[in-house]
Amino acid sequence: MTILLDESVPRLVKTHLSEFSITTVQEMGWAGIKNGDLLKAAEQHFTIFITADQQLRYQQNLTGNPLAIIVLPTNQVPVVLNLLPRIREAIADIQPATIIEVPLPSSLGP
């Protein structure tokens with residue numbers, strides 16, 4: 001399993017989840033590429049895409065895209081740090097061509 005972190009995701013996710021093979025969009029030289037083109041490129045090299053872009057599923061036609069996509073509820077570093085166990089679970093549970101939205105912990109919600 002290979003994972004691509006979107007620009008919207010703090011890089012600390014890669015640092016704290018070092019047991020996984022994670023690459024950032026920036027490391028691939030794909031910074032600034034629009035979502036549609038980014039997803040097409042990502043599906044050639046990766047099995048999982050992690051983003052904090054809440055609108056991705058509504059802005060892109062994901063039909064036929066083999067990527068598994070994990071959507072974080074925010075890119076705020078303190079919150080993402082608290083979400084690391086849930087992100088690990090999502091990585092372990094996700095199947096190709098599916099989307100998992102990681103919820104905010106109830107203690108951080110509205």
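Analyst: Let's start with burial: buried means under 20% relative accessible area, exposed means over 50%, and partly exposed lies in between (1.4 Å probe, protein chains only). Helices (H or I, at least four residues) and strands (E, at least two) are DSSP runs, numbered from the N terminus. The model is a predicted one, where local features need pLDDT of at least 70 and side-chain atom pairs count only at pLDDT 80 or more, while totals for chains, interfaces and linings use all residues. Residues are numbered from 1 along each chain as its sequence is written, and side-chain values use heavy atoms, with hydrogens and water left out.

User: Thanks! Which residues of E4 point one way, and which the other way?

Analyst: Ala68 and Ile70 point one way from E4, Ile69 and Val71 point the other way, and all are buried.

User: What makes E3 and E4 a pair?

Analyst: Two strands pair if DSSP finds at least two bridges between them. Strand E3 (residues 48-51) and strand E4 (residues 68-71) are joined by 4 bridges and run parallel, so they pass the test.

User: What makes Lys14 and Glu27 a salt bridge?

Analyst: The rule asks for a side-chain nitrogen of Lys or Arg within 4 Å of a carboxyl oxygen of Asp or Glu. For Lys14 and Glu27 the N to O distance is 2.7 Å, so the pair qualifies. Lys14 lies in helix H1 (residues 12-16) and Glu27 in helix H2 (residues 25-28), so the bridge ties together parts that are 13 residues apart in sequence. Lys14, at 27%, is partly exposed, and so is Glu27, at 47%.

User: How many salt bridges does the rule give, and which residue pairs with Glu19?

Analyst: The count comes to 2. Glu19 pairs with Arg88, with their closest N and O atoms 2.7 Å apart. This pair links distant parts of the chain, as Glu19 is in the loop between H1 and E2 while Arg88 is in helix H5, 69 residues away. Glu19 is partly exposed at 47%, and Arg88 is partly exposed at 31%.

User: Why is the link between Asn35 and Asp53 called a polar contact?

Analyst: A polar contact is a pair of N or O atoms within 3.5 Å; within protein, one must be able to donate a hydrogen and the other to accept it, and residues adjacent in sequence count only if both atoms are side-chain atoms. The side chains of Asn35 and Asp53 are joined at 2.9 Å. Asn35 sits in helix H3 (residues 35-45) and, at 17%, is buried.

User: Is Thr24 buried or exposed?

Analyst: Thr24, in strand E2, has 3% relative accessibility, so it counts as buried. Its contacts beyond four places in sequence are Leu4, Leu5, Arg11 and Lys14.

User: And Ala97, buried or exposed?

Analyst: Ala97 reaches 53%, so it counts as exposed. Ala97 is in the loop between H5 and E5, and its phi is near 60 degrees, a positive value in a residue other than glycine.

User: Finally, what makes a nonpolar core, and which residues have the most contacts inside the largest one?

Analyst: A nonpolar core is a set of buried Ala, Val, Leu, Ile, Met, Phe, Trp, Tyr and Cys residues joined through side-chain atoms within 4.5 Å. The largest has 22 residues, and those with the most contacts inside it are Ile48, Ile50, Ile70, Leu72, Ile87 and Ile91. H5 gives the most to this core, with 7 residues. A second, separate core of 12 residues includes Val25, Ala42, Ile69 and Val71.

Notes: Contact means heavy atoms within 4.5 Å.
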